[in-house]
Every structure is written in C-alpha cells, then in structure tokens.
Amino acid sequence: MRACAGEPLPGLLEHRALVVLGGGCLPYEDERAPWLPALRRLTGQALQEATPTPGVCPGGQLLAHVAGGTVKGRHGEPEYGSTPVRLRADARGDALFGGLPAVTPAIERHVDAITDLTGSRVAGGQ
C-alpha cells in the first residue's frame with residue numbers, strides 16, 4: 001500500500017508480514033506524514049504478534065520508535081554511499097534474509113539515527 005499517495009492503511013494487520021520502507025520523515029512527524037499514526041498502530045500490532053517486520057531506513061526507525069527506542073533527526077555525521085551489512089548468525093535460517101551472503105553491500109543516504117534501543121522490545125534481538 002502507498003499511504004504517502006493517500007491510499008488508506010487497514011485497521012488491522014491481516015498479513016503474514018509487514019514491510020515498512022523509506023521516506024523523508026521521522027516516525028513521529030505526524031504533521032508531515034498524516035498516515036504515521038495508522039502505521040505505528042499496525043507496527044505495534046506486528047510487534048505484539050511477532051509478525052515478521054523488516055524496516056528499511058525510516059521503516060527501521062519507525063520499528064525502533066514503536067518498540068520503545070529513541071530516534072533522533074539530524075543526529076551525528078550524515079551517512080552516504082555503500083556500507084557492508086553483516087548477516088547475524090540467527091538470520092541464516094530466515095525465509096527472507098537466509099539466502100543473503102554473510103556480508104551484503106547496502107546503499108545508504110541519511111542523517112537521522114536510532115540512538116537507543118535500551119529498554120525497547122527489540123533490545124534483546126527480538
């Protein structure tokens with residue numbers, strides 16, 4: 001679904017996974033992105049039900065935010081270019097990530113950051 005294009009999000013998550021991709025806003029900037037409350041609700045449901053939820057760039061920030069982590073805008077040095085992403089050992093059997101090599105290059109371009117996962121529901125690798 002393309003919430004940024006005005007497509008409504010469902011009231012409840014009824015799929016086996018939720019994928020949240022990128023965008024140009026922070027997970028709490030409801031004025032800039034009026035679909036965020038509904039997306040946070042769906043993300044919270046996915047976390048509660050242990051639904052697989054990969055989050056890419058702002059999608060990862062939204063996931064961290066909903067789980068109780070801290071996300072800050074314009075934090076630290078900007079990151080641009082290619083960076084190696086290392087596959088965790090416990091992801092080798094994952095249906096989505098298991099086929100990736102141990103180190104995969106990823107392109108990044110952002111200035112925002114997840115600054116704390118302490119106390120969040122994802123801090124223990126859940």
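Mentor: A residue is called exposed when its relative accessible area is over 50% and buried when that area is under 20%, and we shall apply this wording to a model that is predicted.

Trainee: Is serine 82 buried or exposed, then, and why?

Mentor: Serine 82 counts as exposed because its relative accessibility is 53%, and the cut-off for that word is over 50%. You will find serine 82 in strand E2, which covers residues 79-86.

Trainee: Which residues does serine 82 touch, once residues up to four places away in sequence are not counted?

Mentor: Serine 82 touches Pro105, Ala106 and Ile107. Sequence and space tell separate stories here, for serine 82 and proline 105 are 23 residues apart in sequence, while their C-alpha atoms are 6.2 Å apart in space.

Trainee: Where is arginine 74, and what is its phi?

Mentor: Arginine 74 sits in the loop between strand E1 (70-72) and E2, and its phi is positive, near 45°. With a relative accessibility of 69%, arginine 74 counts as exposed.

Trainee: What can be said about charge at aspartate 112, and which side chain of opposite charge is nearest?

Mentor: Aspartate 112 is buried yet has no salt bridge, and the nearest side chain of opposite charge, that of arginine 74, is 5.9 Å away. Aspartate 112 itself belongs to the loop between strand E3 (103-110) and strand E4 (113-116), and, residues up to four places away in sequence not being counted, it touches Leu26, Gln61, Lys72, Gly73, Arg74 and His75.

Trainee: How many residues does the largest nonpolar core have?

Mentor: The largest nonpolar core has 11 residues, among them Leu13, Leu18, Leu39, Ala46 and Val66. The elements that give two or more residues to this core are H1 and H2, and its largest share, four residues, comes from H1. To follow one member, take alanine 46, which, leaving aside its neighbours within four places in sequence, is in contact with Leu13, Leu18, Thr51 and Thr53.

Terms used:
Residues numbered from 1 in each chain as written. Predicted model: local features only at pLDDT ≥ 70, side-chain atom pairs only at ≥ 80, totals over all residues. Heavy atoms only, no water. Buried < 20%, exposed > 50% of the residue type's maximum accessible area, 1.4 Å probe, protein only. Contact = heavy atoms within 4.5 Å. Core = buried A, V, L, I, M, F, W, Y, C linked by side-chain atoms within 4.5 Å. Lys, Arg positive; Asp, Glu negative; His and termini not counted. Salt bridge = Lys/Arg side-chain N within 4 Å of Asp/Glu carboxyl O.
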